[in-house]
Amino acid sequence: MKEFLMLIREDANYGELSAEEMQACIEKHYRWVETLREKGQFKEAQPLEAGGAHIRGKQRIVSDGPFLEGKECVSGYYILLAESLEEAIEIAKGNPDLDWDRAVEVREIMPMED
Amino acid sequence: MDTSGQLAAHFFREHSGRMVASLTRVYGMAHLDTILDAVQDTFETALIHWRYHGPPDHPRAWLSQVARNKLINALKHNARHGHATEAEFPLHALSTTDPDPVLADEAPTDGQIQLLVACCHPALSERDRILITLHILSGFGIPELANALQLNREAVKKALQRSKAILRQKSLKLGQHAIAAVAPQLPTVCTILYLLFNEGYKATRNSRGIDFDLCYEALRLTKLLRPVATPEAEVDALLALMFFGVARFPARLAAYGDWIPLEEQDRSLWNTSLITEGFHYLDQAQRSGYAGRYYLEALIASHHCAASHFTATDWKTIHDLYQLLENIEPASTLIRLNRLIAKSYALGPLPVITELATFTVNGSPGAAFLLAATKGHVYQRAGYTAQAHTAYEEALSLAQNPLDSQLIRKRMETSPRT
């Protein structure tokens with residue numbers, strides 16, 4: 001079994017969602033994660049704070065990071081369990097975030113060499 | 001919350017109104033904007049966290065805690081930046097360790113009623129009252145309001161700003177007046193809730209037909225008023241009317257979104273438990289001994305709901321009830337036309353034709369449309385196909401929304417031209 005990092009990218013404009021849409025979004029995710037758990041395809045997931053810092057180069061230049069308002073940025077991550085990238089992609093396609101036109105990125109986590 | 005991580009339907013909406021009510025009671029109407037922002041922010045935080053881990057065990061407590069912390073931080077921030085003076089709002093009074101004002105609020109309903117009365121303040125126009133009520137008590141955001149009431153976002157934003165300024169200016173000190181003092185305001189509040197329900201029900205501007213969310217909110221807010229209701233406010237009658245209305249939703253719209261007229265509706269689609277609920281409130285209203293506008297309308301709706309087929313409708317009684325309504329509201333075109341329609345079914349179309357010929361309406365295009373559509377239908381049933389066609393053509397030119405036009409076109413198809 002291999003581990004895959006799934007990053008969620010979205011432009012966080014939640015003010016456009018109605019109360020019902022927010023509830024629907026939560027419930028769809030919750031149910032989806034439950035089915036992943038049942039199939040043994042879920043390891044963990046966490047949301048990320050919107051703020052943060054971007055630090056670059058030898059000069060250690062610190063900026064507010066790529067978290068500009070209205071721009072797509074990483075809002076959270078999942079660690080999925082799958083046999084292959086193809087399987088991980090199929091799992092990721094089930095992510096309800098895609099129904100809200102967000103984007104996800106799936107990357108295999110390189111296993112440590114023994 | 002049940003064990004499956006499922007939140008109750010409308011949980012966010014209901015809790016939104018409740019939190020705003022409790023927080024304005026404790027921190028004052030002067031901070032309404034900050035409170036609304038904190039509450040909206042709380043739901044966004046809930047969205048971000050709960051979609052990863054599901055709702056917490058005690059979602060209400062979680063939301064209240066987060067909202068209060070956000071509000072206190074915002075108030076402290078405002079105070080530091082000179083938006084509020086220390087005297088106006090002593091910073092030491094802001095402590096997150098105090099009892100949670102939302103959870104500690106022993107009379108959450110009272111708070112919401114007072115807020116509802118404030119939102120229905122006569123200084124605001126009817127439209128503004130509907131907008132601010134939905135915004136403050138039901139958590140409708142600007143895009144949602146614009147969509148539901150078919151207004152542009154800028155207009156909604158301006159209306160809300162205007163209303164909030166008036167609410168602050170009136171410096172409504174919620175919680176200081178006994179809840180009983182709201183009684184004289186209740187009829188006005190009921191009028192707004194009635195209009196709100198109709199806004200959702202009558203599809204005046206919305207091509208989607210029935211807007212369930214608006215109707216549901218109107219029902220929920222009307223229910224809130226029950227503990228303080230007076231006979232004149234007709235709260236139970238209004239509830240009965242709303243229940244009889246929502247019970248028939250599934251049959252009113254076809255799968256492809258067209259209106260289905262009463263005579264063609266599949267009555268097996270009517271929701272019998274909602275109809276039962278309607279009769280329960282109608283019974284309660286009857287006990288109050290006050291027969292006002294909502295009671296008569298609810299009674300008419302109950303006769304439609306009780307008829308097993310269109311042909312089994314008690315049109316004679318319905319006609320008489322419309323007559324009583326007309327006595328109360330002589331200026332309403334809708335009521336006068338409905339009385340004539342009832343009469344045309346009770347006695348046949350011919351006796352109504354002469355009355356329709358001399359029928360005049362006020363200048364509104366909506367009223368003119370109703371008259372033309374009614375004329376077409378009555379002429380058609382009387383076999384006056386040429387006149388029916390002319391009336392339908394006129395109705396088409398006056399139609400206010402695509403569903404109305406569609407209904408008229410369908411009627412024209414069944415009316416052969418001579």
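**β1 of chain A**

I started with strand β1(A), which has six bridges to strand β6 (residues 103–108) of chain A, the two running antiparallel. I looked up one pair here: M6(A) sits opposite V106(A) in β6(A). For the record, strands pair if DSSP finds at least two bridges between them; helices (H or I, at least four residues) and strands (E, at least two) are DSSP runs, numbered from the N terminus.

This is a predicted model, where local features need pLDDT of at least 70, side-chain atom pairs count only at pLDDT 80 or more, and totals for chains, interfaces and linings use all residues. Residues are numbered from 1 along each chain as its sequence is written, while chains are lettered from A and ligands numbered from 1 in the order in which they are written.

Next I checked β1(A) (residues 2–10) against β5(A) (residues 73–82): they pair antiparallel over nine bridges. E3(A) has L81(A) as its bridge partner in β5(A).

**Where the chains touch**

I then found 22 residues of chain B in contact with 17 of chain A (C-beta atoms, placed from the backbone, within 7 Å). On the chain B side, α1 (11–27), α2 (32–53) and α7 (142–148) each supply at least two residues. The largest share, eight residues, comes from α2(B). By class, I get ten nonpolar, seven polar and five charged residues on that side of chain B. Here Ala, Val, Leu, Ile, Met, Phe, Trp, Tyr, Cys and Pro count as nonpolar, Asp, Glu, Lys and Arg as charged, and the others, Gly among them, as polar.

Technical notes:
Contact = placed C-beta atoms within 7 Å.
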